[in-house]
Structure formats: C-alpha cells, structure tokens
Amino acid sequence: MYIIYICSGGVPKVWWYGVFDSHYQALVIDLYDTSLRDLLRHHNHSLPIPTIVNIATKLLPILADIHNHSIIHRDIKPHNIGIRQGHDGQPDEYYLFDFGISKTYMLSDNEHIMFRDNKGEEGTE
C-alpha cells in the first residue's frame, strides 16, 4: 500500500522495498525521532490537553488525505505514529505508517465496497 499511495505529507517516503538476502521482505523508510507510543510512555500515559489537541490537529488532515485516496488504514495506534521533533526538541511533525492491513474502500467503478457486519476486529496489538 505504501507503493501506490502518494500523499501531500504525513506518510513516510519509501526509499527502497524488495527482497533482501533471498527471502526477507523489506521496506526502507525515513528514520523518525520517536513514536507516539514512546511519547505516551515518557509521560506516564498522560499528556496535557494542549498536546493532545496539537496531535489531533496534525493527524486529522493526514487521515483525511489518506481517505481522500480511498484508503482505510485499519491499524491506527500510538505505535504506528512516528514523530519528528522540531528545533526546540518538541514534537513537530507526525507520520502515519504500517499500512500492512490497509485496504481501499472504493472499487474500480467508483462504487463503495459492501459493508460487512460482524466481521471482528482487525489490527495488531
């Protein structure tokens, strides 16, 4: 999904992908300073309200852009949100990665996929 998705930002750039050492599938993306999971752990899982608003303000346009390209991420969690720090050492840029179980929700004829109820949860812990 990384390969077909080109957005205005918020998704890591893919530098290389393929098979490594004859049998390992690999994806090389930018290195980030930390993840939202690490930030939460550092703050004992309690962030100030202004920080939460800042995170949401930066992540929602990324999600909107992804959805505008007919993609559902399906595994949004703190571990899958990368953070780049600004010059002041504070979180500045957020990136969403791990599109391993993402899918498109529009068919080739621009019809929405069928809704399926009672499907169970997707994602990883």
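This note comments on the nonpolar residues of a predicted model.

1. A nonpolar patch lies on the surface and is formed by Trp-15, Trp-16, Phe-20, Tyr-24 and Val-28, which together have about 570 Å² of accessible area. Two elements give two or more residues each to this patch, namely strand E1 (14–20) and strand E2 (24–29). The largest share, three residues, comes from E1.

2. Phe-20 is found in strand E1. Its relative accessibility is 52%, and Phe-20 therefore counts as exposed, since the term applies to values over 50%.

3. In soluble globular proteins, nonpolar side chains tend to be buried together. The largest nonpolar core here has 15 residues, of which Leu-36, Leu-39, Ile-55, Leu-59, Ile-66, Ile-81 and Tyr-94 touch the most other members. Helix H1 (36–42), helix H2 (49–68), strand E5 (81–85) and strand E6 (91–96) are the elements that give two or more residues to this core. The most, four residues, come from H2.

4. Which residues does Ile-81 contact, leaving aside its neighbours within four places in sequence? They are Thr-34, Ser-35, Leu-36, Leu-59, Tyr-94, Tyr-95, Leu-96 and Phe-97.

5. Pro-91 is found in strand E6. With a relative accessibility of 21%, Pro-91 counts as partly exposed, because buried means under 20%. Not counting residues up to four places away in sequence, Pro-91 touches Leu-39, Asn-54, Ile-83, Arg-84 and Gln-85.

6. Pro-91 also illustrates how sequence and space can be set side by side. Pro-91 and Leu-36 are 55 residues apart in sequence, and their C-alpha atoms are 9.4 Å apart in space.

Conventions:
Residues numbered from 1 in each chain as written. Predicted model: local features only at pLDDT ≥ 70, side-chain atom pairs only at ≥ 80, totals over all residues. Heavy atoms only, no water. Patch = residues over 30% accessible without salt bridge, like charges linked within 9 Å, V, L, I, M, F, W, Y side chains within 5 Å. Areas by Shrake-Rupley, 256 points an atom, 1.4 Å probe, with all protein chains shown as cover. Salt bridge = Lys/Arg side-chain N within 4 Å of Asp/Glu carboxyl O. Buried < 20%, exposed > 50% of the residue type's maximum accessible area, 1.4 Å probe, protein only. Core = buried A, V, L, I, M, F, W, Y, C linked by side-chain atoms within 4.5 Å. Contact = heavy atoms within 4.5 Å.
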